[in-house]
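Work through the following exercises with the sequence and the model open. Each task is followed by a solution in steps.

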Amino acid sequence: MLAIFYISSAVAVLATLMTITRRNAIHALLYLIVSLLAIAIDFYLMGAPFVAALELIIYAGAIMVLFVFVVMMLNIGEQASETEREWLRPRSWVGPGLLAVVLLVEVASLLSLRGTGERTGADVIASKQVGIALFGPYVIGVELSSLLLTAGLVGAYHLGRKVASKEGEIRDIDTAGSRAVARDSTVSAGPGRTSHAA
Amino acid sequence: MLATVLFLLGLAGLLTRRNLIFTLMCVEIMLNASGLAFVAAGARWGQVDGQIMFLFILTMAAAEVSVGLALVLQFHLKHPTLDADAASEMKG
């Protein structure tokens, strides 16, 4: 178990290092997703399966989708076909793919080890305890974070809309994209709220 | 340990890169590292508070990244680049 923890930690550090040194934003995003997956495995090994699931769903799901969306919207039409040809070369995806295969092997070994009952030493804190504490002493924090999410939603929508009134129909495609971003932020806010309800 | 290394990597990226998308990604890395520190402390002492703090950090990161990416889009419409140094017309 400890070996698995250290391996996934090394994968996380390596992927983060590759993230901040890439020049292409999409490559950096691939490495960042691998880093988040490795950290999720670390969370699971530290006895926090609920947080690991949330890390997967919200960080690696919703937030990364937002990033990919914006990156694809920003360099639309510039050198799209060239980029497409670039992505099909194995050089661009073999690095994150290798790291993800390491993580997959770790998950498979964890699943096979699970029957033996061997754990990592830390006590498992179940999601039931988290929910009880969240709506017991921390209920004001839940209210405040719902306020924060509403403010973020309104802010993103407002920033996306202001272009339409100022610039006219030329920016129509771009505003549609920003509206989609604002809508996507509700998507990323949705799991946050359900996580509090869970 | 791991949280410190990840936080320092995110900080180094934030200080060196000038692309706005990379800046946002490095902020994400740093938030994630602090959440990792919280969860590790919670697991060390067997308390649920660490996980709850991670939930709040997650919520804040979601709100922050949506607003930040909307700002990036707005910036990109104004200047056709993503260089953060181009946003210097506000100097007095």
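**Exercise 1.** Decide whether A:Ser35 is buried or exposed.

Step 1. Apply the cut-offs: a residue is buried if 20 or more other C-beta atoms lie within 10 Å of its own, exposed if 12 or fewer, and partly exposed in between, with C-beta atoms placed from the backbone.
Step 2. Count around A:Ser35: 28 other C-beta atoms lie within 10 Å, so A:Ser35 is buried.
Step 3. Helices (H or I, at least four residues) are DSSP runs, numbered from the N terminus.
Step 4. List the contacts, which require C-beta atoms, placed from the backbone, within 7 Å. Leaving out residues up to four places away in sequence, A:Ser35 touches A:Ala12, A:Ala15, A:Thr16 and A:Thr19.

The model is predicted: local features need pLDDT of at least 70, side-chain atom pairs count only at pLDDT 80 or more, and totals for chains, interfaces and linings use all residues. Residues are numbered from 1 along each chain as its sequence is written, and chains are lettered from A in the order in which they are written.

**Exercise 2.** Describe how helix 3 of chain A packs on helix 3 of chain B.

Step 1. Take the geometry: the axes are 11 Å apart, at an angle of about 5°. Axes are lines fitted to C-alpha atoms, for helices over the stretch in contact, and angles run from 0 to 180 degrees between N-to-C directions.
Step 2. Classify the angle: the two helices are roughly parallel (under 35 degrees; over 145 would be roughly antiparallel).
Step 3. Identify the residues: the contact includes A:Leu54, A:Ile58 and A:Leu66 from chain A, and B:Phe54, B:Leu58 and B:Leu69 from chain B.
Step 4. Sort by class: there are 17 nonpolar, three polar and no charged residues. Ala, Val, Leu, Ile, Met, Phe, Trp, Tyr, Cys and Pro count as nonpolar, Asp, Glu, Lys and Arg as charged, and the others, Gly among them, as polar.

**Exercise 3.** Classify the crossing of helix 2 and helix 3 within chain B.

Step 1. Survey the chain: chain B has three helices and zero strands.
Step 2. Take the geometry: the axes of helix 2 and helix 3 of chain B come within 9 Å and cross at roughly 175°.
Step 3. Classify: helix 2 and helix 3 of chain B are therefore roughly antiparallel.
Step 4. Sort by class: this contact has 17 nonpolar, six polar and two charged residues.

Conventions: Parallel < 35°, antiparallel > 145°, perpendicular 65-115°, else oblique. Contact = placed C-beta atoms within 7 Å.
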